[in-house]
Amino acid sequence: MNRSALTMERLFWWGPGILFALILLVAPLLFTDFYLSQVITKALWLGIAAASLIFLAAYVGMVSLGQVALYGIAGFTMANLVEADGGSPIAWNPWLATGVGILAAVGAGLFIGAIASRSYGIYFLMITLAVGVLTFYFFAQVTQLSGFGGVNNVTRPGIVSNPVTDPQNLFYIALGVSAVVFLFVRYLARTPFGLALQGVRDDPSRMRALGYNVPLLRMLAFGLGALIASFAGIISVWWNTRISPGSIDLSRTIDVLVIAVIGGLYRLEGAWVGAFVFAALDNWTRGLDIVGQRFNTVIGAIFLAIVLLSPGGLMGIWQTIVDFFGRQLSGGPPARPTGAAGEAQHATDSPQPS
Amino acid sequence: MSEAASAAAPDWRSRLVAVPAGTLALRAAVTVVVAFVAVWVAYKAYGDPRTFVIVGLNGLTLAGLYFVVASGFTLIFGLMRVVNMAHGSLYMLAGFFALELQTTLTGGEATSAFGSSQAGLGDWIIPLVVACLAVGLIGLVMQQLFLRWNQGQELRQALITIAIGIIIADQTLAHFGGIAESLAAPDAFPESVHLPFSDLTYPFFRIFVLLVAVAVGLALWAMIQRTRFGMIVRAGVDDRQMVSALGINIQLVFASAFFLGAMLAGLGGVLGGTMISVDKANDTQYLLISLIVVIIGGMGSLAGAALGALALGLVDSFGDVYLPAGYTNYSILLIFGLLVLVLAVRPLGLFGRPA
Amino acid sequence: MRGTTEGRRARLWALLAVLVLVIGATVAACGGDDDGGDGEATPTTDTGGGTDGEATGEPIKIGVFANNEGAFAPFEGQTWGGAMLPLINRGATPVSGDPTDGVENATIAGHPIEIVYGGSDSTPDKAVEEARRLVEQEQVDILVGPLSGSEGIAVANYSKEQPGVTFVNGISGAQDTTLKVRSPNFFRFHNDGTQWTAGLGDYAYNELGWRNVVTIGDDYDFPYSQIAGFVAEFCSLGGNVTERLWPPLGEEDYSSYITQIPEDVDGFFMGVGGTGTVAFVKQYGQLRGNLADKIMGGIFMTDPVILEELGDQVVGVVTAGMTAGDSQEPAYLEYTSQIESAYPELAGTGSSVFFYGYYTAMEAIAQALEQVEGDLSDDHTALNDALANLELDAPLGTIRLDENRQAIMDNFLQQIVEDQTGDGVPDVQTLKTIPEVDQTFAGAFSPETPSPDRTNPPCEKGTPPPWTEQGGGG
């Protein structure tokens with residue numbers, strides 16, 4: 001096997017990503033405050049939310065539409081526990097409230113995971129969707145915790161400061177959390193626990209035969225997904241300075257799904273790729289007269305196109321390009337690298353949606 | 001009791017031991033909860049029988065509407081294993097189509113004066129039929145264009161139907177506006193009827209919806225159990241490849257079933273639009289309702305859909321009224337509780353079967 | 001067929017580099033300009049509007065946004081019609097028959113006016129996103145909007161972050177937006193939802209003789225405000241609110257809630273919102289019978305679009321609001337004929353609160369700008385002062401602002417009567433004008449009292465507002 005070709009292929013694959021990350025590091029110098037806050041930071045936390053979905057889909061085989069509801073639980077819990085307009089009158093320290101919010105979301109995730117742990121595939125999808133919409137209705141109707149108007153003016157920890165006048169702080173926090181989530185999931189995939197999850201994804205009955213407690217594994221995985229989602233929720237509340245049921249309604253759930261699919265449902269990087277495309281497109285089309293109000297139709301059409309033509313999303317397209325160059329480089333179809341070295345390969349072995 | 005005897009005949013004690021403790025605890029908990037709810041409702045009913053009757057009827061009639069909508073959803077899933085996420089959008093679209101048509105037919109009179117309705121029987125039936133056919137056709141086109149060629153890829157199909165649902169919802173909003181309106185029931189229908197053995201009155205149209213739901217249920221059952229088409233559907237549910245290997249045009253069956261399922265969504269849309277209202281929030285609402293009914297009842301089961309609709313309708317109505325005052329806005333938790341309860345003992349729904 | 005490996009690699013690297021550069025350039029271009037990098041976003045000082053003082057002819061950018069999605073989307077035309085009318089009266093020409101397309105050649109006090117379009121979906125999140133886009137990306141000097149109650153509170157909070165921009169409310173009617181938030185550059189030139197019920201409590205208690213009332217309203221801000229006004233007035237006179245029912249928002253099956261209304265109550269006040277009004281009236285008619293003798297309605301009952309839906313079912317119902325469609329005052333008649341000539345398709349909607357609210361907002365802006373000759377210097381100090389002290393002669397009466405920049409204006413007690421104009425739709429007849437209603441309802445509401453919600457304000461006897469019989473009005 002041509003080693004330099006393999007290195008080249010890896011570089012091709014990661015090159016733009018690294019470049020992109022470098023650009024992001026100095027983004028405050030390159031973009032206006034508005035763009036930094038409204039598009040880039042938004043894309044970062046949406047990416048984290050999508051990452052929780054992709055983690056569950058790609059590594060555990062559980063496509064969940066309840067991630068937005070879970071991050072809503074984190075966000076609403078935190079917002080209610082600090083000083084704010086609306087919601088409960090409790091006023092705790094913002095960091096404490098953040099911790100409790102995350103715990104609440106993880107707890108809910110474990111509970112829902114337990115209920116749905118014996119359901120698979122499309123059935124599981126439906127249950128998570130129902131739970132997601134029910135959560136929305138809950139916060140819309142229980143005015144003691146939110147009501148339609150939501151919780152406004154949520155107190156943020158000092159370091160977050162004011163997202164309108166000082167967006168860099170929150171930007172770097174979001175960037176940092178995104179990086180941590182990304183690296184953590186990739187690390188997890190190689191641990192025994194992560195490998196067990198992937199085993200559950202590939203063949204649950206065989207795993208059961210091997211003695212693994214499959215429902216427990218799935219429940220724990222769902223809890224982990226909830227943890228990631230809760231980060232997105234907390235950051236979204238800091239970003240918005242408020243949270244209302246409209247922040248977690250069905251269209252937001254579908255937005256996150258669209259982001260994941262556009263980016264690439266079985267590749268973790270796809271979360272942020274999809275999020276950036278989505279946020280930039282949203283911002284761009286608002287200014288266009290023709291499209292203006294019909295952004296939903298546009299994004300729905302793009303989503304449909306991706307699902308029909310390239311189920312691997314944008315990352316799938318990128319993979320095809322990389323493969324093509326890889327073949328050109330080594331002068332012929334390359335033998336697929338095997339073993340643990342093939343992280344990129346792992347992502348290539350995308351399980352067929354079924 | 002001799003050892004031989006107890007070994008030979010498994011009695012209730014050994015059966016109890018055979019069940020894992022966890023499941024036992026779960027079943028016990030569920031039984032306790034159900035018993036508690038039954039006692040609570042009985043107590044409230046005894047205190048105020050009039051309210052109980054009215055609210056009970058509310059629940060039953062709602063259940064009827066839910067059943068009509070969910071039956072289409074479960075039919076499509078049971079046969080083709082397609083989760084039609086656009087089902088709610090189809091419901092909403094049918095309502096708006098019917099509204100437009102009725103407004104045109106009656107020159108705008110009927111929909112604006114439902115205290116004194118001026119809609120003839122035709123002014124309601126024609127929009128009903130046209131809306132159902134239109135929505136059925138849209139469903140059929142959707143199936144032929146987007147779903148026919150990726151059989152078996154359930155997730156992909158779900159994503160496709162979600163995308164189509166988004167587009168339909170957005171376009172409906174663009175063309176029909178967002179304010180809630182109501183279809184006018186025909187003049188021939190009385191506004192209210194007197195309930196026998198009491199001085200209570202109840203809206204006639206709601207009872208009509210319940211009757212339609214029962215009729216639809218019976219018709220579907222008869223079709224599935226007694227007709228050749230139904231036989232093929234049942235066979236197709238069990239073993240698709242064998243059916244097509246036998247030379248039966250399975251694609252035609254699928255197309256017809258999808259058409260029927262979409263039409264049922266349309267029927268629900270027109271009925272709901274007359275009974276309650278036509279509103280742009282309907283797509284989310286009725287998708288959720290279809291999901292819950294089918295999760296409770298089991299995918300692909302008509303009886304399950306009926307039971308699930310009944311459960312949901314009754315919990316919905318009684319929850320609004322029988323929760324302690326000041327907590328009525330937590331009624332959504334009851335629905336969630338219902339889901340949890342069912343899934344705890346029957347992960348596939350009451351009548352669900354593994355894929 | 002294959003070139004040298006080196007050449008091939010070089011080409012591929014080049015291709016990759018080009019690809020990355022192209023993507024990077026696109027992203028950066030869409031991202032907006034390099035602002036010299038330490039985060040000092042300056043939304044207003046680098047636009048026109050006379051930063052250096054009296055630069056006449058400098059364009060002024062006004063952003064207008066209502067709802068283009070959601071339950072209130074059908075009213076977008078009316079809101080824009082209202083917003084554009086003052087400009088048209090000053091010489092602008094509508095781009096088309098659709099008001100949302102804006103106007104051309106708009107000038108105020110010699111300054112060209114550029115109108116920027118925005119839209120939200122009645123949720124606070126989207127409203128703030130849109131406000132931020134208009135203020136920070138489009139760099140408007142003045143922002144008119146938003147539309148719905150919850151949006152108003154959120155945008156008013158946001159306005160505190162942008163002292164260099166003037167915000168004038170569209171038609172969002174929650175009380176807190178001015179009473180609690182009190183942003184120094186946020187102005188509301190119309191009554192809030194609570195003020196819109198002024199006169200109803202008085203009528204119920206004194207004219208109809210009601211003593212026990214049940215209220216029913218959707219479980220969110222706006223019905224809270226409406227019912228709060230009624231409760232404050234009715235209870236201050238000695239009336240009693242026996243129960244308050246709150247169907248969850250989005251719930252359209254009111255039958256279970258109607259069943260809970262005791263049959264022996266004197267009457268009830270209906271604060272159900274736009275989408276629910278239709279369903280509620282219909283279902284009540286089916287379960288209990290005619291509404292008219294037992295019900296009193298909030299603002300939505302008299303909206304022309306809703307009235308068309310409700311029909312004869314509601315003839316006789318008494319309601320109140322800030323507009324009177326049957327006014328015969330010359331100023332009002334002139335106003336309606338202006339609407340007809342500017343936007344013929346909107347003829348007859350002059351009394352819609354959506355139209356009127358945005359109209360008064362833009363008219364106030366125009367008059368204030370004329371007063372200060374377009375001076376936007378120093379974070380709009382002169383303009384904001386002018387707005388705060390403006391006495392606006394509006395078609396339905398004079399409007400002035402209190403110390404929280406909230407309007408004090410007349411309210412109109414009205415009754416729905418049988419169709420007299422022959423269009424098949426019941427008409428609205430004004431029974432009485434309630435003069436100069438202020439936000440506090442004679443002290444019942446203040447920045448310290450709890451915000452209206454499911455249980456606030458409590459039903460207590462207190463100081464009757466000045467417009468009631470017991471308070472000295474008539």
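How much area is buried between chain B and chain A, and what percentage of it do carbon and sulfur atoms give? Some notes follow, point by point.

1. A word on conventions. This is a predicted model, in which local features need pLDDT of at least 70 and side-chain atom pairs count only at pLDDT 80 or more, while totals for chains, interfaces and linings use all residues. Residues are numbered from 1 along each chain as its sequence is written, chains are lettered from A and ligands numbered from 1 in the order in which they are written, and side-chain values use heavy atoms, with hydrogens and water left out.

2. On the opening question: about 4,000 Å² is buried between chain B and chain A, with 79% given by carbon and sulfur atoms (buried area is the accessible area, 1.4 Å probe, that two parts lose on being put together, summed over both). Chain B brings 46 residues to the contact and chain A 42 (contact means heavy atoms within 4.5 Å).

3. Now the core. The largest nonpolar core has 208 residues; A:Ile40, A:Phe55, A:Trp272, A:Phe303, B:Phe205, B:Leu267 and B:Leu271 touch the most other members. (Such a core is a set of buried Ala, Val, Leu, Ile, Met, Phe, Trp, Tyr and Cys residues joined through side-chain atoms within 4.5 Å; buried means under 20% relative accessible area, exposed over 50%, partly exposed in between, with a 1.4 Å probe and protein chains only.) Apart from it lies another core of 65 residues, including C:Phe187 and C:Phe300.

4. Over all chains there are 16 salt bridges. In one of these, A:Glu269 pairs with A:Arg186, the closest N and O atoms being 3.0 Å apart. The partners sit 83 residues apart, A:Glu269 in helix α12 and A:Arg186 in helix α7 of chain A (helices are DSSP runs of H or I, at least four residues, and strands of E, at least two, numbered from the N terminus). Both A:Glu269 and A:Arg186 are buried.

5. Chain C has a salt bridge between C:Arg90 and C:Glu363, with 3.1 Å between the closest N and O atoms. C:Arg90 is in the loop between α2 and β2 and C:Glu363 in helix α12 of chain C, so the pair ties together parts 273 residues apart in sequence. C:Glu363 counts as buried at 9% relative accessibility, whereas C:Arg90 is partly exposed at 22%.

Methods. A salt bridge is a side-chain nitrogen of Lys or Arg within 4 Å of a carboxyl oxygen of Asp or Glu.
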